[in-house]
Amino acid sequence: ATSGSCGVVTYSGTSMAAAFVSASAAIVRQYFDQGRYPTGDINFSDTIDPSSALVKAVLINGAETLHDSTEYDNNQGFGRVNLLQSLAVPGKNTYEMFVVHEPDNVLNDGQSVIHTVSFVQSLGSGCESSEASATLVWTDIANEAGCVTCVQNNLDLSITVDGREGTTYYPNGGTGPDNVNNVERIRLSTRPDEVLRVNVTATTLTSASVPYALVVRTGCLLTQAEILKDLFVATGGFDDMWNTGHNWFVEEETSPCAYDGVICIDNFITELDLSSMGLVGTLPGSIGLLSNLKKLDLSLNRLTGPLPRALGQLTHLTELILYDNNFSGAIPSQIWSGVPNLQKLDLGENNFEGSLPTTLGLLTKLEHFEVGTNFITNTIPTQFGNLIKLTKLDLSLTEMTGPLPASVGNMNSLEHLDLGGWDTEFTGEIPTSMGNLSNLLTLRLGYNQFQGNIPAQLGSLTALISLDLKQNILDGSLPTSLGLLSNLEYFSIYSNIISGTIPSQIWS
């Protein structure tokens with residue numbers, strides 16, 4: 001350029017991606033050829049001649065998730081190659097690597113091997129959060145064109161962590177073994193001194209034996225400041241989309257614990273309240289690395305896209321408040337087994353669709369759940385009967401249908417149950433088990449398709465203040481037991497097919 005400055009042109013597509021990945025693969029090969037594994041420094045006595053499977057495993061193991069799509073979907077697959085997240089590079093990251101290199105490691109049919117990996121770096125060394133990533137790759141033999149089950153030699157990857165009894169982690173975002181791919185990756189949050197048991201099993205082999213490559217990476221992924229910067233970038237902070245007056249990234253020396261909406265204990269972020277801050281864009285998966293977070297409030301913003309499954313890494317989370325945004329897609333089922341301490345979950349007034357995941361029934365400490373004003377379909381999972389501490393359940397203004405499960409009567413701590421709204425179409429009879437909800441103060445079942453008689457058991461709800469049954473298909477007479485509701489202040493039954501006289505007990 002004659003002006004002395006050079007322009008930059010950005011292109012996208014497979015033509016550019018192929019060149020980038022090929023160059024990255026060459027760097028990975030050089031990394032092992034120079035003996036940089038395991039320390040990251042050159043040591044030719046540690047030289048490895050890497051197989052194609054090992055190079056592929058390294059590239060995929062550190063691939064980063066894109067902000068505008070979901071991990072493992074058809075848009076990004078395993079993500080975008082990032083060598084600084086794949087390789088241990090002193091001065092650039094604090095990763096530790098564990099490599100199992102073919103052809104020295106071979107499995108016979110039915111054979112299983114467990115590799116033990118521990119992350120021993122202390123928090124005092126500056127490691128504020130960590131993530132383990134394990135990727136298994138093997139070179140399979142070709143199958144016939146048009147095959148349905150194309151894997152000839154099936155290996156399976158799984159991980160258990162000492163101290164997390166009863167939990168097994170499976171690859172590629174699934175809840176069980178992957179019998180389709182010859183690349184399997186697992187990611188999970190880790191803490192210093194945790195021991196990982198990485199299991200590789202030859203489930204079904206066509207060949208006599210199969211060599212494989214396995215890469216495990218542990219260590220620091222991002223500091224707290226870097227995680228907040230990632231959030232700031234993804235939600236329009238540097239584009240001046242946030243409301244004015246905040247102090248995020250105004251001065252470099254400001255500690256993340258001094259940012260507006262951030263609360264820390266012992267320099268660890270425990271609460272993040274950014275409600276009504278003008279956030280736009282998508283929620284980055286790196287939010288799941290704030291391993292001490294107890295409260296996350298992003299309500300009253302303009303966030304879009306799906307919920308990142310990395311929220312399931314926030315094991316200490318007690319409150320997740322996301323109402324009045326534009327989040328969309330299905331509510332991920334994978335999140336809820338990882339947040340067993342959750343007490344408040346508010347997903348109302350978004351664009352979520354699909355069924356409520358049955359794994360929400362694992363939240364046995366949940367006290368408050370709202371998902372009203374969304375496009376949720378189908379009925380209430382029977383597993384909701386496990387939510388015995390729930391005091392408020394709001395499913396109003398959804399598109400839910402079908403009969404209510406009898407297990408709803410197990411939620412005997414409920415004080416407010418709202419299933420009403422113009423688009424909800426619950427059907428069938430009102431379960432008699434609702435008579436067990438002795439703490440109920442408000443019950444809204446209006447604007448549905450409930451039919452049959454009003455259960456006499458509702459007369460047991462003596463704490464009830466408001467009872468809304470309007471615009472259903474209820475028939476028969478009013479049960480005399482409603483006269484026992486001495487605290488009732490509001491009762492609506494219009495637009496049903498109720499017959500007979502009003503029992504005198506009700507007037508009492």
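In the predicted model, a search of the whole structure identifies 16 aromatic pairs. A pair of aromatic rings is described by the distance of the centres and the angle of the planes. For Phe232 and Trp242, the ring centres are 4.7 Å apart and the planes stand at 75 degrees; because an angle over 60 degrees counts as edge-to-face, the pair is assigned to that class. Phe232 belongs to helix α3, which spans residues 224–234, whereas Trp242 is placed in the loop between α3 and β10 (262–265); the pair therefore ties together parts that are ten residues apart in sequence. Both partners fall below the 20% limit for burial: the relative accessible area is 2% for Phe232 and 4% for Trp242, so each is classed as buried.

Trp242 also pairs with Trp248. Here the ring centres are separated by 4.9 Å and the planes by 55 degrees, so this pair is tilted. Trp248, like Trp242, is buried. These residues are part of one aromatic cluster, formed by Phe232, Phe238, Trp242, Trp248, Phe249 and Tyr259. Another arrangement involving an aromatic ring is found at Tyr95, where the charged end of Arg217 sits over the ring, at 4.5 Å from its centre.

Asn326 is located in strand β16, which covers residues 326–330. With a relative accessibility of 35%, Asn326 is classed as partly exposed, because the value lies between the limits of 20% and 50%. When residues up to four places away in sequence are left out, the contacts of Asn326 comprise Arg302, Leu303, Thr304, Gly305, Asn350 and Asn351. Between Asn326 and Val280, which are 46 residues apart along the chain, the C-alpha separation is 9.3 Å.

Thr398 occupies the loop between strands β21 (392–394) and β22 (401–403). The relative accessible area of Thr398 is 0%, so this residue is buried. Leaving out residues up to four places away in sequence, Thr398 touches Val371, Gly372, Thr373, Asn374 and Ile376, together with Asp423 and Thr424. Thr398 is thus buried, whereas Asn326 is partly exposed.

Technical notes:
Residues numbered from 1 in each chain as written. Predicted model: local features only at pLDDT ≥ 70, side-chain atom pairs only at ≥ 80, totals over all residues. Heavy atoms only, no water. Phe/Tyr/Trp six-rings, centres within 6.5 Å; stacked < 30°, edge-to-face > 60°. Helix = DSSP H or I, 4+ residues; strand = E, 2+ residues; numbered from the N terminus. Buried < 20%, exposed > 50% of the residue type's maximum accessible area, 1.4 Å probe, protein only. Lys NZ or Arg CZ within 6 Å of the ring centre and 35° of its normal. Contact = heavy atoms within 4.5 Å.
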